[in-house]
Amino acid sequence: MKKQSGFTLIELAIVLVIIGLLLGGVLKGQELINSAKVKNMASDFRNIQVYIYGYQDKYKAIPGDDSNAANHASGAHAATTPAGKQGNGVIEGNWDSTTITDESFLFWEHVRLAGLAPGTTTYGTAAEIANYTPKNADGGQIGVQSVSGFTSIVNNEAGAASAMNGAYVVCSTGVLGKYAKQLDTTLDDGEGDTGSVRITDSAHTTGKSITSANVADATSYTVCYAF
């Protein structure tokens, strides 16, 4: 009669330990990937400050709002909409504008041609505009405008305490809730409806920022940062 053999308890224990180590490695790897994404998104917000102040120091003008952009950076265009607003120290136009004559749209052309930021300066077609507008680590659009004209998310909330303070606001779309909450903790007070970082619905149409307790990890949001 043939003797049957199987794993000993020691062998089973070793297999279980190996499986545990592999699972731990996978989870740790995912955690590192998530952390890298949050750091990348936080850098997006901080870098725009560098672009604005670097351009201002170099040309004594605000990128996008620069009425003399063509003389400051070869190939640059001065914005024409809204008419008569260029050179007033305000980045006019919505942060997510795709209108090629808006100051908020031409902001990216100005800082790129000035050598302050990477990216294309070609935007003649719809496909080129899609490639021209900067993206975050998850592919969401990034943009900037002055706080004075920013009403699409939080400045139309009731109560002065809810208004965002600062000169400029940067917004980034398509940010998963788990990243949005980490971004708020990294850059601000960890609460999505107060301070310099606000979290709102992905379509940014509600006019309301969202408390972090109500932010779902797997849902996409728009995150805005004022400075």
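Q: Helices (H or I, at least four residues) and strands (E, at least two) are DSSP runs, numbered from the N terminus. How many helices and strands does the protein chain have?

A: This is a predicted model, in which local features need pLDDT of at least 70 and side-chain atom pairs count only at pLDDT 80 or more, while totals for chains, interfaces and linings use all residues. Residues are numbered from 1 along each chain as its sequence is written, and side-chain values use heavy atoms, leaving out hydrogens and water. The protein chain has five helices and four strands, in the order α-α-α-α-β-β-α-β-β from the N terminus.

Q: What share of the residues in the protein chain is buried?

A: Buried means under 20% relative accessible area, exposed over 50%, and partly exposed in between (1.4 Å probe, protein chains only). Of the 227 residues in the protein chain, 41% are buried. Met164, in the loop between strand 1 (142-146) and strand 2 (168-176), counts as buried because its relative accessibility is 4%. Its C-alpha is 9.7 Å from that of Ser148, 16 residues away in sequence.

Q: Which residues of the largest nonpolar core touch the most other members?

A: A nonpolar core is a set of buried Ala, Val, Leu, Ile, Met, Phe, Trp, Tyr and Cys residues joined through side-chain atoms within 4.5 Å. Here the largest has 36 residues, and Ile48, Ile52, Phe107 and Leu183 touch the most other members. Elements that each supply at least two residues of this core include helix 1, helix 3 (103-113), helix 5 (177-187) and strand 4 (220-226). Helix 1 gives the largest share, seven residues. Another core, apart from this one, has eight residues, among them Trp95, Phe150, Cys171 and Cys224.

Q: What does Leu183 touch?

A: A contact is a pair of heavy atoms within 4.5 Å. Leaving aside residues up to four places away in sequence, Leu183 touches Val38, Met41, Ala42, Phe45, Val175 and Asp188. Across the protein chain, 60% of the contacts with a separation of 6 or more join residues 24 or more positions apart.

Q: Which residues make the nonpolar surface patch?

A: Patch residues have over 30% relative accessible area and no salt bridge; nonpolar side chains (Val, Leu, Ile, Met, Phe, Trp, Tyr) are joined within 5 Å, like charges within 9 Å. A salt bridge is a side-chain nitrogen of Lys or Arg within 4 Å of a carboxyl oxygen of Asp or Glu. Accessible areas come from the Shrake-Rupley method with a 1.4 Å probe; for residues, only the protein chains shown count as cover. Ile10, Ile14, Ile18 and Leu22 make a nonpolar patch of about 420 Å². Ile10 is in helix 1 (residues 9-59) and counts as exposed because its relative accessibility is 62%.
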